Amino acid sequence: MLSKQKPRTNMKFKLSQYIHISKDEDVMPDAFYLYATRTGAAIEIENIYYDYIHNQEWERLPNNIVEALMQAEAIVPFDENELDTIIKINQENIKDNDKRFLSFTIQPTANCQLGCHYCGQKHSKDVSTNQTNLAIYQRIISKIEEIKTTIKQVSISWYGGEPLTGLSSIEELSKLLIDYCDQNDIAYEASMVTNALSLKMSTFLKLVNKYKVTSFQITIDGTAEFHDLRRMLKTGGPSFDIIFKNLKDIVHSEAYAAKKAHIGIRSNVDGQNKENIFDLVDMMHENGILDKVSFNLAPIHDWGDNGASKINGISKEEFAMFEIDIWLKLHSYGILKKGNLIPLRQYNVCMVANSSSEVYDAYGNVSTCWEVPYTPVYENSEYYAGNLLENPNLDSSNVVMRDWFEKIPTNDTWCKTCKFFPVCGGSCPKHWESGTVPCPSFKQNIDERLFLTKYLSLDTQIA
Amino acid sequence: MYTDMNFLDKFTNTHTYKTKSDTSSSYHVFIKMLNYYKEQISVSEYMTLYFFHNTSEKCLSFLRRKDLNTGVIFYNDLIRIDRTTFPAYLSAGVEANFYACDAYFDYVEHRYDESIEKLQSAIKYTIQQSYSMDEFASSLYELNLNLLRVYIKEKSFEKTALKLSEILSSLFFSENNGSHFDKKLNNLDDDERLIWLNHVINNVIFSISELNPFGLEVQKQIYINALKGIGISTRSPNSDKLKNVYSKLKTIFYYLIGEDAIFLDRIDKDFSSLGTVPFYVRKQILSYFLALSTTTNQENIVNHVNYLNFSSILKEHNLQVYEMELSN
């Protein structure tokens, strides 16, 4: 839609509200970082310009600094409502992407072998039936048909329960979807969140080669000593050794070396296991795994009403500092990539804000957040749009949180005044809805991230 | 990871700005213009002008990715800027920048007539600005290339061939006829011409041969007409620096008109200089050569005198046919 706003004459400019300044005399005695979250640009500027920028004395800055700040959108038109701009760009960019990309999460089974204390799901042996799979398939095809002239790619995320306990459904649906996409010249890709207990080499190869699953997230919560206390079998037995062996076999395989798939390791952290994560990193290094995977941390959070974050809880500040310590550890093994440290501009927050993305469970229920299925507290709640077996044409466009960005200026979150909003987007609408503050760790450790980036750059130069 | 980064993301983490060792200088002609007039422009004007340019670049970056809704936000910001208040000595440069962006907006929205009209305006203003600042003139090549891209989208065979011929005549022979070129272009030195030749030829061959919107027969005819239009078989440029590229275009021409023996002879005699011509010229010649070798058996590729050189170039161009020959 073309603008009918009044022309801008004699423009004046201001310092953006979306900047963060990092200054540390010990690390960078002559300069400071200006991190502009509207673009995700981190700019190193000499100290002599600090006051001029702070006081908005633009005429005292050299042209190249002014240009850098304007390009980074750290200097913006005086009359601009920046929050409106950010939200508008996000909404329009989501519309652009919604024409080309469709993403769905399928949770084909309510079953899981593990009994993690922090999981909010109620597991059962139920796996989606042929009838449910067909309904899910037809639903996805109908979504594709709605944008058939513009669609380029369909992405499926397999989740559970433990998705591999519903392998037959994964196979059935993958085959149908891949065939359809091949016939219609649409790219297809899939990822999986798995505990890897059943991820034997033969299964991995089948998933990668036949069903185009190219990205796996595997959760390991420490070495056996701690992992088995947290991610034990439902019988109480250990799971670490099997998972670690599966992981080791895969990352040393020819298929993995050929970069046909990537594995990310995630450790869920709280006060109980955090120190042990260092041992896990050492162990992965000693077994030739660490340099072949990516490695991420996440703090234990409340899932539904389980209050998991209160047990052995870790504060946001504590987690943020721990994250830096782990990165330094990864750096000591030469595998920390500085490109991952500074958050980039995020035009979307998660699939809930897309117009067509949906989550399907083993019963044909449709929701918009993968934390919802199998979690008792959400049963029959506003988080569900309906059931495909009862109504294949149900409308999920008005499910709670779809209008996330529209509500930012007036909802109860503090995103509307947060300088990190452009690189965060609100982090997790579901958590806000549940009354949990989901602010990301970089809000606490952005200074350390910036200086670590500088440190890594110097390290590279010296090397 | 970095390969998928967009314009804004690329900017992230990679730029540090210091006056002591600044390496941030931009080579966009608009920035050159701001530097050229920097003594005469007030800080406020400079910032508005830079904002204008930056907004147009961000608009273009989203439009190029077909993020049309997002691009329109920046386009709306762009058209809101009151351009009438800019100093007269650079107003033509501002208009040229504006109409070039405006034309691209029409182009991605498939409004080709409007796009051509706006490119013609951009050309007119570029010529105007070049009379007070020489460096502006060379942007005429980019604007003419943009016109050619619109003609390709329109599938206008004659206009595409004619425009390609006009650009090549300007670059090789300083023939700057018609309203889309200007005698100011005569001032370009051979190094600058070579840079533009690379840019224009790579883009044209990519748009015509790689994307292949016309089909193979029409594609061939476009090249033949364009090369005939510059008198490829009857004359050569005076500049030694330009002769090699010209010679390779001539080699292509002989293949296209069916003079296979001359084509093969020219490759044999002048193979070593192939490495220095535009990427897609190399690729075209190698593709034609392989096609000919496969169909006529006149050439045993593996035993070719330039085998080693050839194989590395083929790998660079992802030409799989030759890899198959190698494995036999």
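Analyst: What follows goes from the chain as a whole to its rings and then to its cysteines.

This is a predicted model, in which local features need pLDDT of at least 70 and side-chain atom pairs count only at pLDDT 80 or more, while totals for chains, interfaces and linings use all residues. Residues are numbered from 1 along each chain as its sequence is written, chains are lettered from A and ligands numbered from 1 in the order in which they are written, and side-chain values use heavy atoms, with hydrogens and water left out.

Chain B holds 15 helices and zero strands, these being DSSP runs numbered from the N terminus, with helices (H or I) of at least four residues and strands (E) of at least two. Of its 328 residues, 55% are buried, where buried means under 20% relative accessible area, exposed over 50% and partly exposed in between, with a 1.4 Å probe and protein chains only. Taking contacts (heavy atoms within 4.5 Å) in chain B between residues at least 6 apart in sequence, 64% join residues at least 24 apart.

Over all chains, a search of the whole structure finds 35 aromatic pairs, a pair being rings of Phe, Tyr and Trp (its six-membered ring) with centres within 6.5 Å, called stacked when the planes are under 30 degrees apart, edge-to-face when over 60 and tilted for the rest. One of these is the tilted pair of Tyr141(B) and Trp196(B), with 5.8 Å centre to centre and 45° between the planes. This pair links distant parts of the chain, since Tyr141(B) belongs to helix H7 (residues 139-153) and Trp196(B) to helix H9 (residues 190-210), 55 residues apart. Both Tyr141(B) and Trp196(B) are buried.

The charged end of Arg235(B) sits over the ring of Phe173(B), 3.7 Å from its centre, and that of Arg111(B) sits over the ring of Phe105(B), 5.3 Å from its centre.

As for the cysteines, the search of the whole structure finds zero disulfides over all chains, a disulfide being a pair of cysteine sulfur atoms within 2.5 Å. Cys59(B) is in no disulfide, and its nearest cysteine sulfur, that of Cys101(B), is 4.0 Å away. Cys59(B) counts as buried, at 0% relative accessibility.

How values were computed. A charge sits over a ring if NZ of Lys or CZ of Arg is within 6 Å of the ring centre and within 35 degrees of the ring normal.
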